[in-house]
Protein chains: 2
Amino acid sequence: MEKDNKIEPRTISGFMELLPNEQVLFNQMKIKIEQSYERFGFLPLDTPVLELSEILLAKAGGETEKQIYRFTKGDTDMSMRFDLTVPLAKYVAQNYEQLQFPFRRYQIAKVYRGERPQKGRFREFYQADIDIIGDGELSILNDAEIPSIIYTTFKELDFGEFTIRINNRKILNGLFKSLNLVALSADIMRTIDKIEKIGVDKVKEILLDFGIASNEVSKILNFISINGSNDEKLLFLKNLNIKDEMFEKGVLELESVVKNIRLFGVPESNFMIDLTIARGLDYYTGTIYETFLNDCPQLGSVCSGGRYDNLAEYYTDKPLPGVGISIGLTRLFYQLNELNLVKVGKSSIADILILSTMEDVTQCFGVAQEFRNAGINTEVYMDNKKMKAKIKYADKLNIPFIGIIGEEEQKNKNITIKNLATGEQQVLSVQDAINLLKSLK
Amino acid sequence: MEKDNKIEPRTISGFMELLPNEQVLFNQMKIKIEQSYERFGFLPLDTPVLELSEILLAKAGGETEKQIYRFTKGDTDMSMRFDLTVPLAKYVAQNYEQLQFPFRRYQIAKVYRGERPQKGRFREFYQADIDIIGDGELSILNDAEIPSIIYTTFKELDFGEFTIRINNRKILNGLFKSLNLVALSADIMRTIDKIEKIGVDKVKEILLDFGIASNEVSKILNFISINGSNDEKLLFLKNLNIKDEMFEKGVLELESVVKNIRLFGVPESNFMIDLTIARGLDYYTGTIYETFLNDCPQLGSVCSGGRYDNLAEYYTDKPLPGVGISIGLTRLFYQLNELNLVKVGKSSIADILILSTMEDVTQCFGVAQEFRNAGINTEVYMDNKKMKAKIKYADKLNIPFIGIIGEEEQKNKNITIKNLATGEQQVLSVQDAINLLKSLK
């Protein structure tokens, strides 16, 4: 290749590629979620990015088929995963005999959707999923544990106050059955889902346009406008006296979930029954969740999910009910970063940059190794640059401390530790310096 | 879709997909490498899996083009990355102005090669790379730091004793120049690279077949059979009195690397000069590394790399010399797992499974949350199963402890902690139980 005929280095649009300082923040967020999921004993899974197209598209249609990255290599028609749920369904069906149930797994990984890129939308993005899969049955108690995981995770992430909204699809479906509106239930739910965006009046107008009788529209609006505490809402639901088996089951489930969420230690201020959330149409069958950051409602739900009856019906006859949630990590990071809301524990990888005031920097090597052996992330600046350039390097990488070794320090087996934020510096023995940095970790 | 018309759940061949217990081991290995890389201050990078084909294939040809997963979506000709070096080159050229040099990055991520699958070869596999990129120049001291990173990493991985073999391409190239064999150097090096496999006699035969004069073949064989300690080898190289500038520079570089490896604290038994390693043909220009597990030479090199003059010549005029290494994680895990050599720190995610002897398990929830708040990974068994089934579940997941709450325990606010490996059990207050588990972490 001709050296003067360069190819312009660029990244495909819709693919997030961060600068190192931002990547450090992103990774901290990812690790916090991972640790929180593991805190509840979820097992890690790492399924392939590529799967057979017939597997991934067993159910899909519409948007999914249009957006999927699909190609043939040799004789194999393969696609890049567009979510982590379909690969999980395949995995559980495939490894059913070797798994222990309830099967609790998390996966934090990239998924791919070849949609038209726009601000804040990505073609490659991380999902952070947990699911609990039962073999034939799965206790409703699991539905109560999920909000406690959301709570622990978002407390850890420290993005400010948040509210987990909870509903149960059986309640909505039972209500529509009792009103003889089952045929319209999908349309009604889609409309209700928009109530925060378009307002009550507009919802009413649309429902009337569907041909629903005015008194039934009133019942629906009355129903979804239920106000008050969680217990008041539950009482209201019971007092509606709707004689429908599904409705009644939904109310009992919701009551159980609310009661047990409390036992899991989630404060009342962090969750609420919200009868307006519906979450799509045909997948969820019971409890559903959405999570909103109180100070950033414009982000929409940042963690959603619910209960489903059958994870893997396209691959196995075994009934595998489950409950799960997903955090769209890439989008969340992008939005919070735009708002300057990503909280920083530690904004550098190295805890200290060791540098020499002498031309020969090799006397830093052994000292650096002592720091590393003590668990301190340590870098040695090896280029023969001016002191100012070395400090600028540490500064740009947000490294909090520099350790200076000059002739004096070398002679006395000391190191000068300088805190770059405060400018404070002190001459310490290597061991004292190590102890100082360890005490600050 | 018809429920009785199931799609067989399967994974594309050549794609590693682990059962949870193995995945836990794999992740531990991955995390150890990551922590070791961060211990040296390397910055994380997470480039996209998909890049423009013109970027990825700027240099490639031959095998790479045949194996790459390439497709067009909309107007975009894109490919899945086949290594982490080309995306790094793109990244550094693209973000040159915003990066600090030397730019030290690691990336542990999956790469894709659509080759014919065979035992122990994968189409999707993790590479764990570090590279140090200089802006125009990069001190030879960096070449000495790399083996100290390999040393720290493989000590941490605990796969038994290992040896880092080191050579310098300038020495080989200089030797061939001094023998007027530059035109044949690629062929000679490829032959020398095989010496461990095919033996000296076969190498001699092949070299003679190339038409190299017998006395020159002797010189080459004499050269590569140099024996003794690292210092003896360096002395031998100097005493060869080869008057070639490149050769002399190579010997000086190698001498400097050996001297400074020692200052980084790498024991003499873990590294050696090996004049027979050559590592490919046209990429590396100075120091080269290979790493062998002493007890598993059949695995070949498990961590290789070297110094190169120009990382990103296809995308920028800026000279960007670098030095780096790569661990082929997926293959290494597969091979060691076959040999039962993957060492286990902790083989479960949950530290304890809390279960109830009563029908109502909800009294476990608050206790579990106390364990979690103390940093202990805790799972509650919620299904209404027999005690035996609950213990079997813990056993299958390698969870080391169970915590039993029955009527007695509930009344006295205690928990019975049972060590599943020893069978030992004791009744403790919740706080004492937490302290016990924390002391064992």
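This is a predicted model: local features need pLDDT of at least 70, side-chain atom pairs count only at pLDDT 80 or more; totals for chains, interfaces and linings use all residues.

Colleague: What does chain A span along its principal axes?
Modeller: The C-alpha trace of chain A spans about 90 × 55 × 45 Å.

Colleague: And how many helices and strands does chain A have?
Modeller: Chain A has 17 helices and 16 strands. Take its contacts with a separation of 6 or more: 68% of them are between residues 24 or more positions apart.

Colleague: Which domains does the assignment give for chain A?
Modeller: Domain 1 has two segments, 11-160 and 295-347. Domain 2 covers 161-269, and domain 3 covers 352-440. In chain A, the centres of domain 1 and domain 3 are 41 Å apart, taken over C-alpha atoms.

Colleague: Now the pair. What rotation puts chain A on chain B?
Modeller: A rotation of 180 degrees, with 0.0 Å of shift along its axis. The RMSD is 0.0 Å. The two copies are thus related as by a two-fold rotation axis. In chain A, the C-alpha nearest that axis belongs to A:F71, at 3.2 Å.

Colleague: How many residues are in contact between the chains?
Modeller: 77 residues of chain A are in contact with 78 residues of chain B. On the chain A side, helix α1 (residues 20-39) gives the most, with 6 residues. That side divides into 37 nonpolar, 22 polar and 18 charged residues.

Colleague: Why do you say the copies meet through the same surface?
Modeller: Because 100% of the interface residues of chain A are also interface residues in chain B.

Colleague: Switching to sheets. What is the strand order in the open sheet of 8 strands in chain B?
Modeller: The order is β1-β5-β6-β11-β10-β9-β7-β8, with mixed pairing. The edge strands of chain B are β1 (43-44) and β8 (271-273), and each pairs on one side only.

Colleague: In which sense do β1(B) and β5 of chain B pair?
Modeller: They pair in the parallel sense, over 2 bridges. β5 of chain B is residues 103-112. One bridge partner there: B:P44 goes with B:Y106 in β5(B).

Colleague: Which strands does helix α12 of chain B lie across?
Modeller: Helix α12 (residues 245-263) lies across β7 (162-168), β8 and β9 (287-293) of chain B. The helix runs at about 150 degrees to β7(B).

Colleague: Pick a residue for me. Where is B:I166?
Modeller: B:I166 sits in strand β7 of chain B.

Colleague: Is B:I166 buried or exposed?
Modeller: Buried. B:I166 has 26 other C-beta atoms within 10 Å, and 20 or more is the cut-off for a buried residue.

Colleague: What does B:I166 touch?
Modeller: Leaving out residues up to four places away in sequence, B:I166 touches B:P147, B:V257, B:F271, B:I273, B:D274, B:T287 and B:Y289.

Colleague: Last topic, back to chain A. Which residues of helix α14 are buried?
Modeller: In helix α14 (residues 363-373) of chain A, the buried residues are A:C364, A:F365, A:V367, A:A368, A:Q369, A:F371 and A:R372.

Terms used
Residues are numbered from 1 along each chain as its sequence is written. Chains are lettered from A and ligands numbered from 1 in the order in which they are written. Copies are superposed by least squares on the C-alpha atoms of residues with pLDDT of at least 70 in both. Two residues are in contact if their C-beta atoms, placed from the backbone, lie within 7 Å. Helices (H or I, at least four residues) and strands (E, at least two) are DSSP runs, numbered from the N terminus. Ala, Val, Leu, Ile, Met, Phe, Trp, Tyr, Cys and Pro count as nonpolar, Asp, Glu, Lys and Arg as charged, and the others, Gly among them, as polar. Domain bounds come from an automatic or database domain assignment. Two strands pair if DSSP finds at least two bridges between them. Axes are lines fitted to C-alpha atoms, for helices over the stretch in contact, and angles run from 0 to 180 degrees between N-to-C directions. A residue is buried if 20 or more other C-beta atoms lie within 10 Å of its own, exposed if 12 or fewer, and partly exposed in between; C-beta atoms are placed from the backbone.
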